[in-house]
Amino acid sequence: MFRNFPLLLIAAALFASAIVPASAQVPPARALFLDLDTVFSQSEVGKDIRSQLQVMLSEISSREKTTAESYVDREQALLASARDRDPAVLQKEWEILQAEKEGSGNLFQIERTAVQSASNNARRQVNAVLNEIMQSILVERGANMVMSVGAVHVGGVDYDITAEVIARLDKRMPKLKVERPR
């Protein structure tokens with residue numbers, strides 16, 4: 001009996017596949033390809049977002065540099081007055097200054113994290129529009145999936161929708177105001 005068990009399994013599988021209605025069978029895969037990095041680097045909204053983020057980060061860096069220079073000046077002034085001061089008071093003022101300096105550095109890091117959060121939020125907003133654009137292209141082309149260009153080893157140019165997605169995104173969403181969380 002156990003010798004015929006594999007044959008019974010094969011027969012059962014064939015029987016089961018024969019009774020599955022045609023509508024329940026999986027349609028053939030028809031894939032389109034997209035390079036999402038190119039979409040974000042070449043689209044108008046991607047350039048706009050990058051520009052806004054660079055301005056935010058430059059502003060933070062500029063203030064951080066000015067603040068660091070201020071701390072250096074204060075440290076030098078404190079050290080220059082060391083001969084005329086009580087060492088315990090001088091030590092206490094030095095510790096306060098260092099704590100201030102560290103706190104300032106932490107605040108700048110928090111600001112950078114807020115910019116990263118703003119970047120992520122902007123990307124989510126663009127992704128929502130991109131999903132709508134890709135859905136409409138899928139319907140228009142009779143495809144049922146969009147894959148990353150990086151996952152494709154061989155494929156026709158006709159199936160790469162990157163340029164079309166960029167054109168539609170530029171038309172639909174050329175700019176996006178990036179808001180830093182408060």
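**Exercise 1.** Determine how many helices and strands the chain contains, and in which order they follow one another.

*Solution.* The secondary structure of this predicted model comes to 5 helices and 2 strands. Reading along the sequence then gives the pattern α-β-α-α-α-β-α.

**Exercise 2.** Identify which residues of the largest nonpolar core touch the most other members, and which element supplies the largest share of this core.

*Solution.* The core holds 28 residues, and those that touch the most other members are Ile49, Val126, Leu130, Val165 and Leu169. Next, consider the elements: strand 1 (31–34), helix 2 (36–42), helix 3 (44–80), helix 4 (87–141) and helix 5 (162–172) each supply at least two residues of this core. Among these contributions, the largest share, 11 residues, comes from helix 4.

**Exercise 3.** Describe the largest pocket by its volume, its lining and the classes of its lining residues.

*Solution.* The volume is about 190 Å³. The lining consists of Phe40, Ser41, Gly46, Ile49, Arg50, Leu53, Ser119, Asn120, Ala122 and Arg123, and the elements that give two or more residues to it are helix 2, helix 3 and helix 4. Sorted by class, the lining has 4 nonpolar, 4 polar and 2 charged residues.

Notes: Residues numbered from 1 in each chain as written. Predicted model: local features only at pLDDT ≥ 70, side-chain atom pairs only at ≥ 80, totals over all residues. Heavy atoms only, no water. Core = buried A, V, L, I, M, F, W, Y, C linked by side-chain atoms within 4.5 Å. Buried < 20%, exposed > 50% of the residue type's maximum accessible area, 1.4 Å probe, protein only. Helix = DSSP H or I, 4+ residues; strand = E, 2+ residues; numbered from the N terminus. 1 Å grid on protein atoms, 1.4 Å probe; cavity = no way out; pocket = protein on both sides within 12 Å on 5 of 7 lines; lining within 4 Å. Points joined across faces, edges and corners; volume = space filled by probe spheres on them. Nonpolar A, V, L, I, M, F, W, Y, C, P; charged D, E, K, R; others polar.
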